[in-house]
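Please examine the structure shown below.

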Amino acid sequence: MRHATSATETMENNPLTVTDYIKICTHCERLNKKDMGVRIPRPLGNGPSRFIPEKEILTVSKVEERMESIFEDAFATLGRVDNISMVMGFHPQYLESFLRTQHYLLQMDGPLSLHYRHYIGIMAAARHQCSYLVNLHVNDFLQVGGDPKWLKGLDMAPCKVQMLGELNKILAHRPWLLTKEHIEKLLKAEENSWSLAELIHAVVLLTHYHSLASFTFGCGISPEIHSDGGHTFRPPSLSVSAGGYCACDIANGNGQLATTEEMLLDANHQGVEVGGEVEVLMERMRLLQECRDEEEASQEEMVMRFEREKTESMLVATAEDEDSVQSRDVSRHFEDPSYGYKDFSRRGEHVPTFRVQDYSWEDHGYSLVNRLYPDVGQLLDEKFQMAYHLTYNTMAMHQGVDTSMLRRAIWNYIHCMFGIRYDDYDYGEINQLLDRSFKVYIKTMVCCPEKTTKRMYESFWRQFQHSEKVHVNLLLMEARMQAELLYALRAITRYMT
């Protein structure tokens with residue numbers, strides 16, 4: 001009887017090739033004989049997202065005529081069409097605005113040098129352990145001439161860059177704690193001082209990548225096949241060969257057979273009615289509109305409802321992370337890894353109220369950004385407006401629906417979690433429109449995005465289309481970015497005055 005070790009020894013002495021594991025077509029067999037020993041990478045994931053079926057994402061790209069030109073422009077600019085853009089392709093109008101803004105921030109004339117921009121992107125994405133974005137910008141950082149030593153850790157970067165560490169962690173987790181003293185420390189650091197224009201550029205990049213990390217985790221974005229974590233050289237299981245797939249299928253990502261559980265989940269998402277949740281939500285919207293028309297709450301009652309909702313939002317627990325995807329440790333790119341939103345909520349502290357009527361994006365932040373970093377205020381404003389007002393007047397299978405009330409509730413709930421209050425909004429509407437599972441998803445994605453799981457994504461709005469859930473994630477991303485920006489820009493304004 002042969003010992004098990006003899007098989008291992010055989011493998012070590014004679015490495016197995018792809019043909020030992022699966023059937024291959026005649027063409028591939030010829031190539032294999034010609035180039036013996038070449039390892040063929042195959043994708044670890046199945047499409048741009050772990051949450052959304054690949055066929056739906058690819059269908060949108062084929063159906064939408066504008067997508068071809070958008071992707072061509074993106075490829076010409078960046079040399080790639082990343083999976084974030086593929087998923088955002090559900091909403092071409094927004095994607096155009098997003099790519100235009102990101103291109104300007106990273107590649108057009110501005111206060112910061114190119115390698116600084118990408119390194120700040122790395123710092124911001126690493127704050128949420130988003131190795132997907134970190135890896136993208138590590139490559140870009142090196143391509144524009146960045147010093148590889150910086151990638152060994154934040155402590156290897158220049159002191160001027162290191163000084164951004166505190167601003168990075170406060171903006172990412174507790175932006176309401178930012179003061180003009182933090183700004184003064186950066187602007188008056190002698191030879192390591194930041195100019196106001198440089199600081200505005202850095203703040204916009206930090207908030208952009210904090211919020212983009214939320215979108216990345218919220219949509220389950222998978223690494224591209226050429227990226228770290230996006231491929232494997234391990235041969236596929238024997239079950240794949242049973243389906244008649246060839247090596248060329250697997251190398252192109254076509255040999256990934258869905259598990260029974262995944263197929264059942266997909267079927268459930270597509271076809272099974274879940275207690276008429278859409279109709280219930282639409283009825284609540286109708287009743288709230290009637291109440292608006294009949295009576296208006298007093299200002300005192302509006303304030304009380306805001307404070308109640310703000311307090312309740314603190315009690316909404318973020319998801320436990322036992323099912324979240326473990327990513328490569330990127331903590332070397334930022335300081336104080338223990339600092340986070342969770343510590344804040346556990347201590348029972350309260351978020352101070354930030355009144356939009358006293359400092360708003362439209363009346364204050366927009367003009368400050370445009371003055372110190374020309375055109376960026378306009379680009380950001382267009383992107384905020386696009387996400388907030390984007391609508392197809394549909395809800396799941398229903399057509400001709402005014403969704404403005406629901407979109408406003410989502411946006412204002414996120415701002416409420418950050419202590420931001422709109423005097424003219426009745427916060428009592430939020431509990432009517434957003435159920436608890438949806439609130440858990442929102443809070444996790446906005447405050448601790450690295451803990452977002454597929455189960456959470458599937459647990460809210462189960463009758464809705466994937467495109468509608470991506471739309472929700474765009475709202476969450478942009479509302480979060482604007483909230484961070486408001487606190488940062490207010491602190492800068494206070495320093496300046």
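**Cavity, pocket and core in a predicted model**

Across the whole structure, a search finds one cavity of 30 Å³ or more. On a 1 Å grid over the protein atoms alone, a cavity is a set of points where a 1.4 Å probe fits but cannot get out, whereas a pocket is an open set with protein on both sides within 12 Å along at least five of seven lines; lining residues have an atom within 4 Å of a point. Grid points are joined across faces, edges and corners, and a volume is the space filled by probe spheres set on the points. This is a predicted model, in which local features need pLDDT of at least 70 and side-chain atom pairs count only at pLDDT 80 or more, while totals for chains, interfaces and linings use all residues. Residues are numbered from 1 along each chain as its sequence is written, and side-chain values use heavy atoms, with hydrogens and water left out.

The protein has 25 helices and six strands; helices (H or I, at least four residues) and strands (E, at least two) are DSSP runs, numbered from the N terminus. Of its 497 residues, 50% count as buried, where buried means under 20% relative accessible area, exposed over 50%, and partly exposed in between (1.4 Å probe, protein chains only). The protein exposes about 23200 Å², of which carbon and sulfur atoms supply 51%; accessible areas come from the Shrake-Rupley method with a 1.4 Å probe, and for residues only the protein chains shown count as cover. Among contacts with a separation of 6 or more, 78% join residues 24 or more positions apart, contact meaning heavy atoms within 4.5 Å.

The largest cavity has a volume of about 70 Å³. Its lining includes R80, D82, Q102, H137, D140 and Y209. Helices α6, α8 and α12 (196-218) each supply at least two lining residues, and α8 gives the most, with four. By class, this lining has seven nonpolar, two polar and three charged residues. Here Ala, Val, Leu, Ile, Met, Phe, Trp, Tyr, Cys and Pro count as nonpolar, Asp, Glu, Lys and Arg as charged, and the others, Gly among them, as polar.

One of the lining residues of this cavity is D140, which is placed in helix α8 (residues 131-143). D140 counts as buried because its relative accessibility is 8%. Beyond its neighbours within four places in sequence, D140 is in contact with R80 and H118; R80 also lines the cavity.

The second largest pocket has a volume of about 560 Å³. It is lined by 28 residues, and H91, Y392, T394, S467 and E468 lie nearest its centre. Two or more lining residues come from each of α3 (54-63), α6 (92-107), β4 (394-395), α21 (404-417) and α25 (466-496). The greatest contribution is that of α25, with five residues. The lining comprises 14 nonpolar, nine polar and five charged residues.

A nonpolar core is a set of buried Ala, Val, Leu, Ile, Met, Phe, Trp, Tyr and Cys residues joined through side-chain atoms within 4.5 Å. The largest such core has 139 residues, of which M88, Y119, L133, F215 and I410 touch the most other members. To this core α25 again gives the most, with 16 residues. Leaving out residues up to four places away in sequence, F215 touches I84, V87, M88, I221, M445, V470, N473, L474 and M477.

M445, one of these partners of F215, is placed in helix α23 (residues 436-447) and counts as buried at 0% relative accessibility. Apart from neighbours within four places in sequence, its contacts are S214, F215, G218, T452, N473 and L476. M405 and M285 are 120 residues apart in sequence, yet 7.2 Å apart in space, C-alpha to C-alpha.

Two loop residues deserve a separate look. E190, in the loop between α11 (180-187) and α12, has a positive phi of about 55 degrees although it is not a glycine. A396, in the loop between β4 and β5 (398-399), likewise has a positive phi of about 55 degrees and is not a glycine. Is each of these residues buried or exposed? E190 is exposed, with a relative accessible area of 71%, whereas A396 is buried, at 10%.
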